[in-house]
Amino acid sequence: MGAATSATVIVNVDIPGPVISRHLYGHFAEHLGRCVYGGFWVGEDSSIPNEGGIRLDVVEALRELRIPNLRWPGGCFADEYHWRDGIGPRADRPRMINTNWGDVEENNHFGTHEFMALCELLAADPYVSGNVGSGTVREMSEWVEYLTRPGTSPMADLRRANGRDEPWRVPFWGLGNEPWGCGGRMRAETYADLARQYATFCRNHGDNRLTRIAAGASEDDVAWTEALMRAVDDLAHGPFPALPFEAVSVHYYTIGGTWDAKGSATRFGDDDYWRTIVAAQRIEPLLRRHIAVMDRYDPERKVGLVLDEWGTWWDVEPGTNPGFLYQQNTMRDAIVASLHFDVFHRLADRLTMANIAQTVNVLQALVLTDEETGALVRTPTFHVFEMNKVHHDATSVPVHVRAPLAQRDVAGRTVPTVSASASVAEGRCHVSLTNMDLEHPVEVDLDLRGVSARDVSARVLAPSSVRSFNSAGHPDQVSPRPLEVVEAATGARLTLPPHSFAVVEVS
Ligand code: AHR
């Protein structure tokens, strides 16, 4: 380990910012590889303990995170999914081919009722992605009615015939997915008009209120966001003012290599690590560019920005189906997650929801399940979500960091080695701190302005290597432990180990 460096982190506890919606800690479950089948769902006859076919160990792990919402059924799969194939007796449900992901058979055993039961077990809000690419307006409209309509109506009666009397509450509704790509290869204006049309027929039934989310840009395609915002603007100022949809989305994945050669999740060099850090940090300027466009059309911030796919994307693990996107997850992934959350906390006045891709067994998963033994593993990313849950619905406060720069240039950039964000809630302040340096610990002076600290404690995620990961044989290689923190005149002082993430609580 190298000699310690030092950093100052100033937290303005007395300058409250926006509320950090818990929905920034949202999730995503697609019919892709072993996310749904084998991940969430094993079926009622499985020897793995389950409730109505839903894995109880996965539910128990995710409840530790208080996951706020779950996006389903896609992703690309959403625009090929026909919801009526996934209701009624399972044995009678038609089968289809999942052409997006592995060309495997989909038996539709996990459908609407199973998803809503899963959300109930998780105490998470459902975020349903409707099919614009290959569906119809009527199909989407009837799905909303089926899920949310109280009393008697054709779809409410059908739901009842399938065993569910009361409507469900569905707060979030996606109008297709990636329409510029797998969702239909549309141009922005074409899709913007379709989004308005589909959204018109996604009704608020009873007391259910939908946040309708228009499928947004890839990465920094601000022209796409602009087309959507123009579609908002001229309707909002037309003869019958209305918001066509309440939010627009954007997708951004952290790719350390290139799309053709993304690199291994576990076997990477220091240069690969720093390239990944720089790729992850692109998220802030990228979101700010979309927000700048939105601010021009919607200065009152009535329309939310939703980052409904984010996370690392590596080459699949050797020997696994390339279409299943199964990857391991190291401390590097945990650091990518913590950097994203710092940005989410800063931008929480416009960024209203975010969904990591994906919760179980796919891409930057929080939970991995072993295909043969069924064993469940919590990934390093899981622990970042767990440690950071203190920020759910808390008030963001400004943070200023003075920290050493990384000792290497990456693509002409030198990055500061410490990232931080903070919030206050119920008389407590929480500061999240990441030390990206691979060799040097950093002594952090936490300067808390506007509060006098009484009790200070901290937990840290600091494995022996940034390449450390958890597996069935070693489930706790990367897991949080208490971190020593001492009170100081201005606040607190602590030492962050190399490649570590910590959360400090001050009360
Ligand atoms: O998360 C995997 C895929 O990535 C999703 O299906 C798609 O929306 C995106 O391209």
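Predicted model: local features only at pLDDT ≥ 70, side-chain atom pairs only at ≥ 80, totals over all residues.
## Position of Asn 470

Along the chain, Asn 470 and Asn 329 are 141 residues apart, while their C-alpha atoms are separated by 7.7 Å.

## Contacts of Asn 470

When neighbours within four places in sequence are left aside, the contacts of Asn 470 include Pro 475, Asp 476, Gln 477 and Val 478. Others among them are Gln 328 and Asn 329, together with Val 377, Arg 378, Thr 379, Pro 380 and His 383.

For Val 478, the backbone nitrogen is reached by the side chain of Asn 470 at 2.7 Å.

## The largest pocket

The volume of the largest pocket is about 430 Å³. Its lining consists of 25 residues. Nearest the centre of this pocket are Glu 284, Asp 342, Arg 346, Ser 419 and Ala 420. Two or more lining residues come from each of helix 7 (270-281), helix 8 (283-297), helix 9 (331-346), strand 16 (395-397), strand 17 (399-402) and strand 18 (418-425). Helix 9 contributes the most, with six residues.

By residue class, the lining of the largest pocket comprises 13 nonpolar, eight polar and four charged residues. Domain 1 (5-12 + 398-506) and domain 2 (20-279 + 305-392) each supply at least three residues to this lining.

Conventions
Residues numbered from 1 in each chain as written. Heavy atoms only, no water. Contact = heavy atoms within 4.5 Å. Polar contact = N/O pair within 3.5 Å; in protein donor to acceptor, adjacent residues only side chain to side chain. 1 Å grid on protein atoms, 1.4 Å probe; cavity = no way out; pocket = protein on both sides within 12 Å on 5 of 7 lines; lining within 4 Å. Points joined across faces, edges and corners; volume = space filled by probe spheres on them. Helix = DSSP H or I, 4+ residues; strand = E, 2+ residues; numbered from the N terminus. Nonpolar A, V, L, I, M, F, W, Y, C, P; charged D, E, K, R; others polar. Domains from an automatic or database assignment.
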